[in-house]
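This note is meant for a colleague who is meeting the structure for the first time. Please read the numbered points with the model in view.

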Amino acid sequence: MEILRYLAVPLILTLLIETIALVILKERRKRVYLLSIGMNVVTNISLNLIGYYANIEKIWVYVLMVIILEAVIWILEGLGYYLEIKEKRKAILYTLVCNGMSFFIGIILQGILNLIWR
């Protein structure tokens, strides 16, 4: 049950935050929203499974691993947006805004939820 919460909470937060980001960016295409959801299900769950099962004792190694994996995710999702919308600037904007908001707001919200669930 612990792993379910470990995977579900970040995924739900990510999906909500990035969908709101696309609304703020005035995206109207349903396919872009579906693409965002699909990419985030794959990348978010993958990242969190790696984090869950990684047996890393030094915090700086864990942080470095997360930074590298997040960078890979941002590139992959940017490529995904580009392949769908065919506009390089918009794809870069979408991945930066969506992933940036998701990363920073998600950390704050997950920290708050972890305090509540203690």
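Is Ile 68 buried, exposed or partly exposed?

1. The model is a predicted one. Within it, Ile 68 belongs to helix H3. Its relative accessibility is 49%, so Ile 68 counts as partly exposed, given that a residue is called exposed over 50% and buried under 20%.

2. Ile 68 also takes part in a nonpolar surface patch of about 810 Å².

3. The largest nonpolar core has 10 residues, among them Ala 21, Val 32, Tyr 81 and Cys 98. Helices H1 (2-24), H2 (30-53), H3 (59-85) and H4 (88-116) each give two or more residues to this core. Ala 91, another core member, touches Gly 78, Tyr 81, Tyr 82 and Ile 85, residues up to four places away in sequence not being counted.

4. Helix H1 comprises 23 residues, which at 1.5 Å a residue should span 33 Å; the end C-alpha atoms are 33 Å apart, in agreement. Buried residues of H1 include Leu 7, Pro 10, Thr 14, Ile 17 and Glu 18. The cover over the buried residues of H1 includes H2, H3 and H4. After H1 comes Lys 26, with a positive phi near 65°.

5. Ser 102 lies in helix H4 and is buried, its relative accessible area being 9%. Apart from neighbours within four places in sequence, Ser 102 is in contact with Thr 14, Ile 17, Glu 18 and Ile 107.

Terms used:
Residues numbered from 1 in each chain as written. Predicted model: local features only at pLDDT ≥ 70, side-chain atom pairs only at ≥ 80, totals over all residues. Heavy atoms only, no water. Core = buried A, V, L, I, M, F, W, Y, C linked by side-chain atoms within 4.5 Å. Buried < 20%, exposed > 50% of the residue type's maximum accessible area, 1.4 Å probe, protein only. Helix = DSSP H or I, 4+ residues; strand = E, 2+ residues; numbered from the N terminus. Contact = heavy atoms within 4.5 Å. Patch = residues over 30% accessible without salt bridge, like charges linked within 9 Å, V, L, I, M, F, W, Y side chains within 5 Å. Areas by Shrake-Rupley, 256 points an atom, 1.4 Å probe, with all protein chains shown as cover. Salt bridge = Lys/Arg side-chain N within 4 Å of Asp/Glu carboxyl O. Expected span 1.5 Å × (residues − 1).
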